[in-house]
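Subject: Handover of a protein model and its findings

Dear colleague,

Please find the structure below.

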Amino acid sequence: MKKVHYFTLFTLILSLFLTSCSNLKTIEGNKKIDTQLVGVWGGEEKDQQTEGVFKKWVMTRKSDGTFNLEFTFKKGENKKEFTETGNWWIEGNVFYEFHKTTGQTDTYKYTVLDKDLIKFTMLDTALEFNSESYTFIDRRLSKEVKTTAKEKGLTMETAIKVDNVKQEYAYLKANYPNHEFISQSLTNNGKGKSYDVLSIKTKEGKTIDIYFDISSFFGKNF
């Protein structure tokens with residue numbers, strides 16, 4: 001009976017280990033993501049970050065390690081909305097969330113409660129919180145993650161393919177009317193692929209970087 005018991009226990013542990021490994025995916029920069037976290041998620045809390053403030057959000061985590069986070073804050077009759085973008089990855093049971101706007105990375109311990117519920121407990125952040133133990137639940141809204149026109153080009157992974165520089169400015173004019181041009185720079189992914197990065201300020205006053213894949217013409221015909 002003991003042999004059967006140990007064999008059953010070993011099989012269960014092995015099954016859990018293999019299931020855990022099957023959820024991991026390697027992305028750009030040799031980082032890992034947990035595919036269970038991919039999708040569109042929603043959550044809310046009150047008083048934990050700021051006394052008297054109700055906060056809700058929609059978090060879109062993509063399989064390329066990028067995210068789009070839409071916040072709504074309410075205090076009394078006052079309401080404020082804004083969007084953040086960045087990159088996410090995991091190490092063990094720790095979730096990393098890099099915010100492009102602030103250049104800061106928040107870390108959380110995460111637990112997958114089931115396929116539609118994830119618990120997060122904050123470990124480190126640059127922000128001040130009213131609660132010493134900031135914990136929240138993300139609830140799945142949708143498994144599908146669609147990239148809108150304005151989300152394209154916000155990362156190397158979603159860079160817009162162009163055949164010349166003229167197409168870059170034509171894209172900005174069509175998708176970001178009345179924007180203010182800030183700068184243009186050249187970067188690469190470390191694997192021989194080059195990108196033009198155009199920094200602009202949108203008509204809403206938000207500063208963003210747009211990536212263009214210039215591999216079709218960069219370094220050629222010179």
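Helices (H or I, at least four residues) and strands (E, at least two) are DSSP runs, numbered from the N terminus. The model is a predicted one: local features need pLDDT of at least 70, side-chain atom pairs count only at pLDDT 80 or more, and totals for chains, interfaces and linings use all residues. Residues are numbered from 1 along each chain as its sequence is written, and side-chain values use heavy atoms, with hydrogens and water left out.

The chain as a whole

The secondary structure of the protein chain consists of 2 helices and 14 strands. Of its 222 residues, 36% count as buried; buried means under 20% relative accessible area, exposed over 50%, and partly exposed in between (1.4 Å probe, protein chains only). The protein chain exposes about 13,900 Å², and carbon and sulfur atoms supply 53% of that area. Accessible areas come from the Shrake-Rupley method with a 1.4 Å probe, and for residues only the protein chains shown count as cover. A contact means heavy atoms within 4.5 Å. Among the contacts in the protein chain with a separation of 6 or more, 41% are between residues 24 or more positions apart.

Strand 5 and its partners

Two strands pair if DSSP finds at least two bridges between them. Strand 4 (residues 54-61) and strand 5 run antiparallel and are joined by 8 bridges, with Lys55 opposite Phe73 in strand 5. These strands form a hairpin with 4 residues between them, and Gly65 in the turn has a positive phi of about 90°.

On strand 6 (residues 78-91), strand 5 has an antiparallel partner joined to it by 10 bridges. Here Phe67 stands opposite Gly86 in strand 6. Strand 5 and strand 6 also form a hairpin, with 2 residues between them, and Gly76 in the turn has a positive phi of about 65°.

Why is strand 5 described as largely enclosed by the rest of the structure? The description applies because 7 of its 10 residues are buried. Thr72 is found in strand 5 (residues 66-75), and Thr72 is buried, with a relative accessible area of 11%. Not counting residues up to four places away in sequence, Thr72 touches Phe54, Lys55, Lys56, Lys79, Lys80 and Glu81.

The second largest pocket

Rolling a probe the size of a water molecule over the atoms shows where empty space is left. On a 1 Å grid over the protein atoms alone, a pocket is an open set of points where a 1.4 Å probe fits, with protein on both sides within 12 Å along at least five of seven lines, whereas in a cavity the probe fits but cannot get out; lining residues have an atom within 4 Å of a point. Grid points are joined across faces, edges and corners, and a volume is the space filled by probe spheres set on the points.

The second largest pocket holds about 390 Å³ of space. Its lining has 26 residues, of which Phe71, Glu97, His99, Asp106 and Tyr108 lie nearest the centre. The elements giving two or more residues to this lining are strand 4, strand 5, strand 6, strand 7 (94-99), strand 8 (104-114), strand 9 (117-124) and strand 10 (135-142). Strand 4 gives the most, with 4 residues. The lining divides into 15 nonpolar, 5 polar and 6 charged residues. In this division, Ala, Val, Leu, Ile, Met, Phe, Trp, Tyr, Cys and Pro count as nonpolar, Asp, Glu, Lys and Arg as charged, and the others, Gly among them, as polar.

Thr111 lies in strand 8 and Thr121 in strand 9. Leaving aside neighbours within four places in sequence, Thr111 is in contact with Leu117, Ile118 and Lys119.

Strand 11 pairs with strand 14 (residues 207-213) in the parallel sense over 2 bridges, and Lys161 stands opposite Asp213 in strand 14.

Yours sincerely
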